[in-house]
Amino acid sequence: NNHIDVIISKANKMLGIIYRTCTTDCDQKTLLTLYTSLVRPQLESGLPTLKKKIKKRLNVFKDVPPNLS
């Protein structure tokens, strides 16, 4: 969980940099390019870890008897 928080924090920092730098001067294409090159890779790097954690949590429900679910 700490690993995911670090990744989200890094992505938010990059969004802040983009926001402070391009408040009025950047067009939509520039903002999209900045997002896809700076923010999105940060978030995508955490997907394998997040997927693994979610899968572990879902496996817990497999052990629940059918009459309780």
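Here are a few notes on this model, which is predicted.

1. Let's start with helix 1, residues 2-21.

2. Which residues of helix 1 are buried? You'll find I4, I7, A11, G16 and I18 on that list.

3. Next, look at C22, in the loop between helix 1 (2-21) and helix 2 (28-45). Is C22 buried or exposed? Its relative accessible area is 9%, and the cut-off for buried is under 20%, so C22 counts as buried.

4. What does C22 touch, once you leave aside its neighbours within four places in sequence? The answer is L31 and L34. Take L34: C22 and L34 are twelve residues apart in sequence, and their C-alpha atoms are 9.8 Å apart in space.

5. Now for charges. Side chains of opposite charge can pair when their charged atoms come close. The structure holds one salt bridge: E44 pairs with R40, and their closest N and O atoms are 2.9 Å apart.

6. Why are E44 and R40 about one helical turn apart? Because they are four residues apart in helix 2. An α-helix has 3.6 residues a turn, so residues three or four places apart point the same way.

7. Last, check how accessible that pair is. E44 has 39% relative accessibility, so it counts as partly exposed. R40, with a relative accessible area of 42%, is partly exposed too.

Conventions
Residues numbered from 1 in each chain as written. Predicted model: local features only at pLDDT ≥ 70, side-chain atom pairs only at ≥ 80, totals over all residues. Heavy atoms only, no water. Helix = DSSP H or I, 4+ residues; strand = E, 2+ residues; numbered from the N terminus. Buried < 20%, exposed > 50% of the residue type's maximum accessible area, 1.4 Å probe, protein only. Contact = heavy atoms within 4.5 Å. Salt bridge = Lys/Arg side-chain N within 4 Å of Asp/Glu carboxyl O.
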